[in-house]
Amino acid sequence: MFKFPKATIPLLLVVALAGAFVIADAQSYPSHYGFGKPATVAQQEAWNDDVNGLTGAGLPPGHGSVAAGQTLYEAKCAVCHGDFGEGENRYPVLAGGNGTLTSARPVKTVGSYWPYAPTLYDYIRRAMPFNAPGSLTNDQVYAIAAYVLNLNNLVPANAVLDAKTLAAIKMPNRNGFINEHLKPDVHAVACMTNCKKSVTITSDLARTLGITPNETGSTPDERIITGSGPAAGPSAAPAGGSAKHVASAPVAFSQIAPIVAQRCAVCHAAHPTEAGFSAAPMGIMLDTPARIAALASKIKQQAVTSHRMPIGNMTGMTDKERALLGKWIDQGAKIH
Amino acid sequence: MNHDEQHNPPKKIGRLGFLAKGATTIAGAALASAVPAAAAGETNPFAPRSPGMDELGETVIAHPYGMPIKYEASVIRRNVPFLTATEESSVSFTPLQDLDGIITPNGLCFVRDHGGTPIIDPAEHRLMIDGLVDRPLVFTMDELKRYPSESHIHFTECPANGGMEWRGAQLQSLQFTHGMVHCCEWTGVKLSVLMKEAGVKPQAKWMLAEGADAAAMTRSIPVWKALDDVMVVWSQNGERLRASNGYPVRLIVPGWQGNVNVKWLRRLKFGEEPWMTREETSKYTDLLADGKARQFAWIIETKSVITSPCPENPMKGKGFTEVTGLAWSGRGKITRVDVSTDGGINWHPAKLQEPVLSKCLTRFRFPWEWHGTSALLQSRAVDETGYVQPTLTQLRAVRGTNAIYNDNAIQTWHVNPDGKVDNVQVS
């Protein structure tokens with residue numbers, strides 16, 4: 001710090017000199033810095049992979065058919081879909097769910113919920129398949145998007161999609177969204193005394209439901225997504241091998257039905273009977289033979305290969321029951 | 001359990017542990033001779049001598065990057081395996097029940113990834129600004145860090161925090177009902193500075209933020225917010241970002257739901273319309289009872305929760321109990337928190353702990369005399385705009401029970417006469 005003898009220098013001069021010093025030494029922040037480099041056209045083109053769902057802007061050249069999409073979907077998507085959830089308490093099925101958005105069990109799919117078709121292209125290209133994002137060609141993405149839209153009856157089976165035809169699709173739930181919520185929609189008042197006459201506990205399941213993880217509840221083998229198919233394929237079974245292996249006496253559906261009814265369908269049903277479940281968890285229902293058969297591979301994954309279900313084994317599924325389920329599924333999950 | 005055992009639990013090394021250990025050293029043998037007089041009595045009038053007083057401790061460089069002591073090993077992030085199909089597109093929760101103050105330690109910040117945590121070499125990372133700009137720019141991390149920086153403390157909350165509770169009380173745990181929130185001091189450059197560098201065109205109304213993860217996370221943000229208080233940050237709580245929180249660079253969008261605070265930021269593109277990405281259409285939209293969905297409900301509304309007592313922190317005995325918790329608002333500062341012990345019939349103002357900052361966790365405290373009877377503990381926050389945290393009943397009346405996201409309802413903890421604390425919902 002400079003010192004100015006106050007006795008000899010007028011105060012105004014002190015201020016003026018100090019001000020000049022500050023400007024010369026510290027400076028102010030400039031209005032422009034210029035630290036980045038100009039992005040070249042080639043760089044911008046390489047990075048520019050976004051597609052605008054609203055307008056379709058950014059959809060690349062190329063095309064894909066529903067038929068090609070089916071082949072790709074079965075090879076690259078079917079192994080996970082159904083199981084790949086975002087964890088928001090619902091199951092992200094890709095098709096169906098129409099008319100369910102106002103129900104107690106909304107099923108939000110591409111067909112029932114997604115407002116814009118180009119978003120499907122953008123997301124598949126950027127993030128799918130889950131274990132190999134960015135691996136699909138533009139034509140493959142068009143084909144898979146076409147197949148998923150066909151599963152939702154939004155394009156015919158002979159459809160071929162490209163930038164123009166994909167952007168032209170009007171999704172059923174296009175007008176289902178209310179935009180931008182900058183003002184509060186709930187208006188409470190901060191009452192301080194005698195705010196209500198009495199209080200009753202309306203939900204106290206948390207203590208008894210038994211789904212809160214504890215320190216022993218989570219093990220690595222509960223991870224589901226592997227992308228590698230069944231853990232024990234046909235090649236794992238030695239020809240004419242051990243008597244313990246699945247290739248033994250057939251398991252009838254009549255043996256399976258009561259297990260699923262008692263251990264699974266108390267929650268996984270259109271109208272769950274288990275206290276606290278007002279709707280089927282993740283939208284998965286195991287309350288009819290057809291539904292059980294359709295979800296056989298999932299049952300195996302969740303309750304046989306892993307013991308992820310029933311959650312906390314709250315319904316007490318036994319190891320013998322799990323083995324029987326696995327056997328029935330390995331034999332083709334026949335219901336007749 | 002007698003008085004002494006309460007203060008000297010057997011698992012800790014007490015007087016006997018010291019003697020057994022000390023006897024093996026010369027110094028210990030010398031000290032041991034002085035001990036019997038004190039040890040002879042039933043109770044030791046002196047504080048037990050710590051074993052650390054009898055031998056040299058660890059060197060100052062034994063842990064070049066320090067970690068919590070082994071006795072705090074239970075203070076960790078946890079996940080709920082059944083919530084998600086994979087552990088890459090998933091979430092781990094902050095242990096709010098074990099934390100004091102308002103700052104979340106970096107290693108305990110909740111992690112919500114959509115395609116796993118990428119490990120990115122900062123030397124290879126680039127941030128591009130393009131679209132409706134006069135000068136498309138690409139930055140290395142070194143170039144970015146030359147810009148003037150600012151530090152601000154903000155909370156970040158995933159809008160799915162509490163999402164399991166819309167239909168009923170399900171998780172018996174503060175960590176799992178409220179642990180998708182953290183609060184850090186973030187350091188970086190104001191986005192408005194970079195926007196000026198690139199010369200964002202007047203017709204640009206929206207910005208796409210893109211992450212360099214396997215999900216290539218993308219969200220649209222309006223330019224007015226980008227110009228307001230959004231930051232491009234490289235540090236949290238004084239050190240470089242953790243990989244799981246966006247290393248080497250991420251967006252901080254103060255007060256807005258977590259997923260728009262794009263981690264591993266690689267591109268900001270300016271345009272005229274929102275992009276309507278998957279994460280802002282099929283996800284992170286709040287389905288209402290009438291089948292319509294709230295989209296772009298970015299602002300985290302005023303919320304609070306009592307962090308002790310809670311299911312993980314049961315009552316420690318009758319008498320004085322300091323009830324404490326956290327409050328936050330995406331609209332600004334918390335101005336008041338009230339606490340109820342009777343399920344919301346009567347409320348009492350709690351004391352706010354300084355500092356009280358905008359869009360930041362605020363710690364509150366409330367002195368309570370517990371008589372060993374059943375009680376229903378609640379907290380209710382008010383922010384500087386006058387917004388009052390609603391009850392779940394009030395929230396459900398407007399949003400229904402299918403929303404999943406943006407549950408900011410008042411939480412009720414049921415204190416049982418035995419001291420256990422349950423997660424419940426009340427009328």
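Which residue in E2(B) is the bridge partner of B:Asn79? The partner is B:Ser92, and the legends below, drawn from a predicted model, begin with the sheet that holds this pair.

**View 1. An open sheet of three strands in chain B.** The strands follow the order E1-E2-E3, and their pairing is antiparallel. At the edges lie strand E1 (78-79) and strand E3 (111-113) of chain B, each of which pairs on one side only. Two bridges connect E1(B) with strand E2 (residues 90-93) of chain B in the antiparallel sense. Strands of a sheet are held to one another through backbone hydrogen bonds, in a parallel or an antiparallel arrangement.

View 2. Strand E4 (residues 126-131) pairs with strand E5 (residues 137-140) of chain B in the antiparallel sense, over four bridges. Here B:Arg126 stands opposite B:Thr140 in E5(B). The link from E4(B) to E5(B) is a hairpin of five residues. With strand E13 (residues 265-271) of chain B, E4(B) pairs in the parallel sense, again over four bridges. In that pairing B:Ile129 is set opposite B:Leu268 in E13(B).

**View 3. The largest nonpolar core and the surroundings of B:Leu268.** This core holds 41 residues, of which B:Val232, B:Leu251 and B:Leu268 touch the most other members. At least two residues each come from several elements of chain B, including E4, E5, E13, helix H7 (191-198), strand E8 (206-211) and strand E10 (231-236). Helix H5 (141-144) and helix H8 (223-228) of chain B are also among the elements that supply at least two residues of this core. Neighbours within four places in sequence aside, B:Leu268 is in contact with B:Leu127, B:Met128, B:Ile129 and B:Asp130, among others. Its contacts also include B:Leu191, B:Met207, B:Leu208, B:Ala209 and B:Leu251. Another core, of 33 residues, lies apart from the largest one; A:Leu59, A:Ala127, A:Ala159 and A:Leu161 are among its members. In soluble globular proteins, nonpolar side chains tend to be buried together.

**View 4. Strand E23 of chain B between two antiparallel partners.** From strand E23 (residues 412-415), B:Thr412 and B:His414 point one way, whereas B:Trp413 and B:Val415 point the other way; all are buried. Strand E22 (residues 375-383) of chain B pairs antiparallel with E23(B) over four bridges, and B:Gln378 stands opposite B:Thr412. E23(B) is also joined by four bridges to strand E24 (residues 421-426) of chain B, again antiparallel, with B:Trp413 opposite B:Asn423. Five residues separate E23(B) from E24(B) in a hairpin, and B:Gly419 in the turn has a positive phi of about 95 degrees.

**View 5. The interface of chain B and chain A.** The contact draws 111 residues from chain B and 93 residues from chain A. Between them the chains bury about 8,900 Å², 54% of it on carbon and sulfur atoms. B:Phe82, B:Ala85 and B:Arg278 supply 8% of the area that chain B buries against chain A, more than any other three residues. Polar contact across the interface involves 46 residue pairs, and eight salt bridges are counted between the chains. One of these joins A:Arg207 to B:Asp422, with the closest N and O atoms 2.7 Å apart. E24(B) contributes five residues, the largest share of the side of chain B that touches chain A.

Technical notes. Residues are numbered from 1 along each chain as its sequence is written. Chains are lettered from A and ligands numbered from 1 in the order in which they are written. This is a predicted model: local features need pLDDT of at least 70, side-chain atom pairs count only at pLDDT 80 or more; totals for chains, interfaces and linings use all residues. Side-chain values use heavy atoms; hydrogens and water are left out. Two strands pair if DSSP finds at least two bridges between them. A nonpolar core is a set of buried Ala, Val, Leu, Ile, Met, Phe, Trp, Tyr and Cys residues joined through side-chain atoms within 4.5 Å. Buried means under 20% relative accessible area, exposed over 50%, partly exposed in between (1.4 Å probe, protein chains only). Contact means heavy atoms within 4.5 Å. Buried area is the accessible area (1.4 Å probe) that two parts lose on being put together, summed over both. A salt bridge is a side-chain nitrogen of Lys or Arg within 4 Å of a carboxyl oxygen of Asp or Glu. A polar contact is a pair of N or O atoms within 3.5 Å; within protein, one must be able to donate a hydrogen and the other to accept it, and residues adjacent in sequence count only if both atoms are side-chain atoms.
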